[in-house]
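Colleague: Can you put the model up? I have some questions about it.
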Amino acid sequence: GHECLREAFRKGASGAVISEDYFRSERENLFRDRALFQNLIPVSDTENTLAQLAGFYRTHFSILSAGITGSVGKTSTKEFLHFLLSQKYPVLTSSGNLNNHLGLPLTLFQLRPEHRFCVAELGASHRGEIRKLSALLRPEVGVITGVSPAHLEGFGSLAVTYEAKLELAVTLGSSKGTLVLPDHDPELIERAKKRKAQILFFGKERTSDFRMTNLKIADGWIEFIVNERWSFRFPGNAAFQAQNALAALAASFACGVSLGELPSVWKDVIFPPGRFEILDPGDGITFVNDCYNANPFSFEKALEAFRDLDSRGRKILVLGDMLELGFDSRFYHRTLGERIGHMDFQALLGFGNEMEETIEVCEALGNPPLALHFEDKAMLVHFLSSFLRTGDQVLFKASRGMRLEEVIRALSVPLSAARTQPRL
């Protein structure tokens with residue numbers, strides 16, 4: 001960032017927070033150009049200062065804020081909640097996945113007097129991060145979409161992951177806020193009840209405050225009923241998105257917007273790319289881009305949704321590694337192989353070191369009939385460009401760091417051209 005300092009001031013910057021180390025090393029040059037610079041503020045830790053400034057700025061607004069965390073579904077739930085609240089009020093929400101110690105402050109700086117709500121995603125890979133982010137956001141409503149094995153390299157264990165996500169509940173408890181939880185995780189529920197926050201449950205259990213029934217997926221639409229009274233539908237093809245929508249409905253109620261005030265058809269709700277995104281690359285082939293991220297739970301849900309898509313052709317899996325699973329990585333990749341081996345897919349094409357374990361298990365089970373591992377993406381693209389045929393459906397899924405979307409881009413030129421000259 002310091003490399004852009006001069007350009008920023010030439011374009012009108014009125015000040016800058018810079019590191020003390022940079023100031024000491026560039027002191028002479030900065031004073032030589034002092035006519036260009038103004039309000040330079042050297043600090044020992046620029047990231048910490050960013051958070052402090054954002055926290056101070058947040059205190060100037062009396063809006064109701066909602067924080068969303070969890071191992072899966074954070075961004076989709078955030079987009080649903082933003083859509084629902086914005087039907088009645090001006091709402092600020094974090095862009096994309098700006099959910100960390102840098103992204104949240106940048107979001108808070110966008111607050112304006114007209115905003116009534118702020119909806120922010122809170123991400124973490126280490127214990128203590130949710131606590132710090134919650135202190136900045138000061139939420140009165142919190143959502144934990146679910147807890148599953150993810151970022152285990154940072155958290156160390158699933159037990160620590162639970163405690164890390166529930167740092168949100170500690171903040172809510174001190175502000176007498178409301179925590180929205182899924183009803184299907186006894187461990188999460190037991191731990192949450194030890195906090196002081198009020199709890200609303202969502203899911204399929206009869207005892208839930210927001211209960212989903214009559215879930216249907218047809219013709220590119222997802223439809224369900226809440227509490228046997230309110231019907232909602234939105235564009236989509238993956239059943240797991242209904243759970244995220246239900247979490248958002250519970251959160252909107254906690255924010256003071258009742259279900260009866262909301263539209264029943266959400267045709268304008270928008271999801272970020274890479275979340276079970278249906279693509280048409282041509283030649284009658286369907287791509288499903290679920291490359292944004294991956295962990296064991298999200299893999300299971302994506303496989304189920306892909307299996308349930310209507311199809312007259314082959315169903316092909318193109319999968320990359322699940323990252324940040326630590327010492328348990330081999331176990332989870334082999335478990336994934338067992339899961340795939342008992343489902344009805346026609347091919348599994350793997351990329352990444354850990355995916356070799358998944359391929360090995362599938363080969364031992366003899367299912368899918370074709371299971372191949374590729375050393376690099378160029379080889380994978382070359383194979384797919386000649387292997388795919390009309391009617392095929394292809395699921396692409398991996399952790400973000402695997403950049404499996406590069407394969408999609410390489411194949412998304414007209415496939416006839418890609419077959420003659422595949423490229424990355």
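**Phe155 and the rest of the fold**

Modeller: This is a predicted model. Phe155 counts as buried in it, at 6% relative accessibility, because the cut-off for buried is under 20%.

Colleague: Which helix is Phe155 found in?

Modeller: Phe155 belongs to helix α8, which covers residues 152-155.

Colleague: And what is Phe155 in contact with, leaving aside neighbours within four places in sequence?

Modeller: With those set aside, Phe155 contacts Ala124, Ser125, His126, Arg127, Ala150, Val160, Thr161 and Ala164.

Colleague: How far is Phe155 from Gly96?

Modeller: Their C-alpha atoms are separated by 24 Å. Along the chain, Phe155 and Gly96 are 59 residues apart.

Colleague: Changing topic. Which residues touch the most other members in the largest nonpolar core?

Modeller: Phe224, Leu249 and Trp266 do, in a core of 37 residues. Helix α12, residues 240-254, gives the most to this core, with 8 residues.

Colleague: Where does Phe155 come in, then?

Modeller: Phe155 is in a second, separate core of 33 residues. Ala51, Phe61 and Ile189 are also included in that second core.

Colleague: Back to Phe224. What is it in contact with, beyond four places in sequence?

Modeller: Phe224 has contacts with Met212, Thr213, Asn214 and Leu215, among others. Its list also includes Trp230, Ser231, Phe232 and Phe234, as well as Ala242, Ala245, Leu246 and Leu249.

Colleague: Now Thr178. Buried or exposed?

Modeller: Thr178 is buried, with a relative accessible area of 13%. Its place is in strand β7, residues 178-182.

Colleague: Which residues does Thr178 touch, not counting those up to four places away?

Modeller: Thr178 touches Glu140, Val141, Gly142, Leu172, Gln198, Leu200 and Ala254.

Colleague: Zooming out, how many helices and strands are there?

Modeller: The protein has 18 helices and 17 strands. Its radius of gyration is 24 Å, close to the 22 Å that the globule rule gives for 424 residues, so the protein is as compact as a globular protein of that length.

Colleague: What does the C-alpha trace span along its principal axes?

Modeller: About 65 × 60 × 40 Å.

Colleague: How much of the protein is made up of buried residues?

Modeller: Buried residues account for 51% of the 424. For contacts with a separation of 6 or more, 65% are between residues 24 or more positions apart.

Colleague: Last one: how far apart are the mean positions of the positive and negative charges?

Modeller: They are 6 Å apart, for 48 positive and 51 negative charges.

Note on methods:
Residues are numbered from 1 along each chain as its sequence is written. This is a predicted model: local features need pLDDT of at least 70, side-chain atom pairs count only at pLDDT 80 or more; totals for chains, interfaces and linings use all residues. Side-chain values use heavy atoms; hydrogens and water are left out. Helices (H or I, at least four residues) and strands (E, at least two) are DSSP runs, numbered from the N terminus. The radius of gyration is taken over C-alpha atoms; the globule rule is 2.2 Å times the number of residues to the power 0.38. Buried means under 20% relative accessible area, exposed over 50%, partly exposed in between (1.4 Å probe, protein chains only). Contact means heavy atoms within 4.5 Å. Lys and Arg count as positive and Asp and Glu as negative; His and the chain ends are not counted. The place of a charge is taken as NZ of Lys, CZ of Arg, CG of Asp or CD of Glu. A nonpolar core is a set of buried Ala, Val, Leu, Ile, Met, Phe, Trp, Tyr and Cys residues joined through side-chain atoms within 4.5 Å.
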